[in-house]
Amino acid sequence: MKPETTHIILNNQNVTAEIIGERLQNPDLPEWERELYQFLSEWFSDLEFIVAQTSGSTGEPKPIQLAKLLMQHSAERTIAYFGLRPNNRLLLSLPCRYIAGKMMVVRAIVGQMNLITVDPATDFDFPETEQFDFGAMVPNQVFKLFEQPSGIAKLQNIRNLLVGGSAISAQLEMQISKLTSRVVITYGMTETASHIAIRELSGSAKSAYYNCLPGITVSLNPENCLLIHHPEFAESLQTTDFAQLESNTSFQILGRADSVIISGGIKYSPEALEKKLETLIRERFVISSVADEKLGEKLVLVIEGNSCPAEMLKQQISTVLSGFEKPKEILFIKQFPTTLSGKIIREEIKALIRNKHE
């Protein structure tokens, strides 16, 4: 596929392939901008594929080839779903190293919209009066904005905001639910060229279920893991996410099959247990496991940060978890290992706590 256009409206200016080439020659270009222009150079080339990097939350990050036509159709679905129009203002606040940032750029090109860029590492120091029609952030960026005096105003000045890349805490979801703008959390992966479903987090449409974008349906395999039926894939895409269906276009995610812990012969979903504990613990935390002579694996609660008195927390945990579900220990790690998009890397946490136990 050769792109129909070879330009993009970037920060209110028409940027052509020639300008992109000139920018890439600048040795002082910040890394996040270089990634943007490198992607634009790839997109406007004659190649039919883009190389994208998986997030690395469940294994080593790996490069995969994505057809430009798949990415274009994904952009068209999103543009239609959110009613975006030419010359709308899109906020790019994600790195173009990963699919979420790349797809914001593609949407701007396909929809002939104005892409406004900020350094993904900034605290969004644009004026609080600046308006956007569409944007995407990871949960940590949203969290930081809530901590700013003008953060709520900035969030509400984004008419449609996608939140994705990692899990969202109950506390942050409650804060988001009070915003007057439309905020959704996304479900998708690199292989599907960004999201295939969205869940409303704010307003009267707030829901516990993800709803598929038009043309996409879902089902469950015998192990109750989600199957995605995508019009551009010859075969269904098998995920490792346990799910519950409301219909063939609406679902809940219950946890990951590849993170299940078997303790004393019983299978536990860490995500399901974490959901029950969300209101008790403000810090980031995970349910993990360490080797145990009797149980094989024993459940442990791992909290990010310095240690704190655990007795009161243990009592509180007893009110929301049954006897077998309760973690046998509470452990602390100063800082959780995460991917660049903010996803917690569970396997690295498990390795850290097992090293301490050996």
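## Reading a predicted model, feature by feature

Student: Is Leu301 buried or exposed?

Tutor: Let me first say that we are looking at a predicted model. Leu301 is buried, with a relative accessible area of 0%. Leu301 belongs to strand β19.

Student: Which residues does Leu301 touch, leaving out those up to four places away in sequence?

Tutor: The neighbours of Leu301 include Leu277, Ile281, Phe285, Val286 and Ile287. Also among them are Leu313, Ile317, Pro327, Glu329, Ile330 and Leu331.

Student: How do I read the strands around β19?

Tutor: Begin with the direction in which two strands run. Strands β18 and β19 pair in the antiparallel sense, over 8 bridges. A hairpin of 3 residues connects β18 to β19. As an example of the pairing, Ala291 stands opposite Glu297 in β19.

Student: What about β19 and β20: do they run parallel or antiparallel?

Tutor: Strands β19 (residues 296-304) and β20 run parallel, joined by 5 bridges. Within that pairing, Glu304 has Ile333 in β20 as its bridge partner.

Student: How many residues of β18 and of β20 are buried?

Tutor: In strand β18 (residues 285-292), 6 of the 8 residues are buried, so β18 is largely enclosed by the rest of the structure. Strand β20 (residues 329-333) is mostly covered, with 4 of its 5 residues buried.

Student: Why does Ile333 count as buried?

Tutor: The cut-off for buried is under 20% relative accessible area. Ile333 has 6% relative accessibility, so it counts as buried. Ile333 lies in strand β20, and beyond its neighbours in sequence it touches Val302, Ile303, Glu304, Gly305, Ile349, Leu352, Ile353 and Lys356. Leu24, by contrast, is 40 Å from Ile333 in space, C-alpha to C-alpha, and 309 residues from it in sequence.

Student: Now, what is the idea behind a nonpolar core?

Tutor: In soluble globular proteins, nonpolar side chains tend to be buried together. Here the largest nonpolar core holds 75 residues, and Leu40, Met71 and Val105 touch the most other members. Helix α4 (residues 99-110) gives this core its largest share, 7 residues. Apart from that core lies another, of 15 residues, including Ile261, Phe285, Ile287 and Ile317.

Student: Which residues does Val105 touch, not counting those up to four places away in sequence?

Tutor: Val105 touches Ile8, Leu36, Phe39, Leu40, Leu92, Cys96 and Leu115.

Student: Where is Glu173, and is it buried or exposed?

Tutor: Glu173 sits in helix α7 (residues 170-177). Its relative accessibility is 11%, so Glu173 counts as buried. Leaving out residues up to four places away in sequence, Glu173 touches Ile168, Arg199, Leu201 and Lys206.

Student: How many cavities of 30 Å³ or more does the structure hold?

Tutor: The structure holds 1 cavity of 30 Å³ or more, and the largest cavity has a volume of about 30 Å³. Its lining is made of Ser74, Arg77, Thr192, His195, Ile196, Leu213, Ile216 and His230. Two or more of the lining residues come from each of α3 (68-81) and β10 (194-200).

Student: How many of the residues lining the largest cavity are nonpolar, polar or charged?

Tutor: The lining of the largest cavity divides into 3 nonpolar, 4 polar and 1 charged.

Student: One last feature: how do I read a backbone phi angle?

Tutor: Most residues other than glycine have a negative phi, and most peptide bonds are trans. Asn12 has a positive phi of about 75° although it is not a glycine. Look for Asn12 in the loop between β1 (7-10) and β2 (13-16), where it is exposed, with a relative accessible area of 56%.

Student: What is the phi of Gln112, and where does Gln112 lie?

Tutor: Gln112, a residue other than glycine, has a positive phi near 55°. Gln112 lies in the loop between α4 and β6 (114-117). With a relative accessible area of 48%, Gln112 is partly exposed.

Key: Residues are numbered from 1 along each chain as its sequence is written. This is a predicted model: local features need pLDDT of at least 70, side-chain atom pairs count only at pLDDT 80 or more; totals for chains, interfaces and linings use all residues. Side-chain values use heavy atoms; hydrogens and water are left out. Buried means under 20% relative accessible area, exposed over 50%, partly exposed in between (1.4 Å probe, protein chains only). Contact means heavy atoms within 4.5 Å. On a 1 Å grid over the protein atoms alone, a cavity is a set of points where a 1.4 Å probe fits but cannot get out, and a pocket is an open set with protein on both sides within 12 Å along at least five of seven lines; lining residues have an atom within 4 Å of a point. Grid points are joined across faces, edges and corners, and a volume is the space filled by probe spheres set on the points. Ala, Val, Leu, Ile, Met, Phe, Trp, Tyr, Cys and Pro count as nonpolar, Asp, Glu, Lys and Arg as charged, and the others, Gly among them, as polar. A nonpolar core is a set of buried Ala, Val, Leu, Ile, Met, Phe, Trp, Tyr and Cys residues joined through side-chain atoms within 4.5 Å. Two strands pair if DSSP finds at least two bridges between them.
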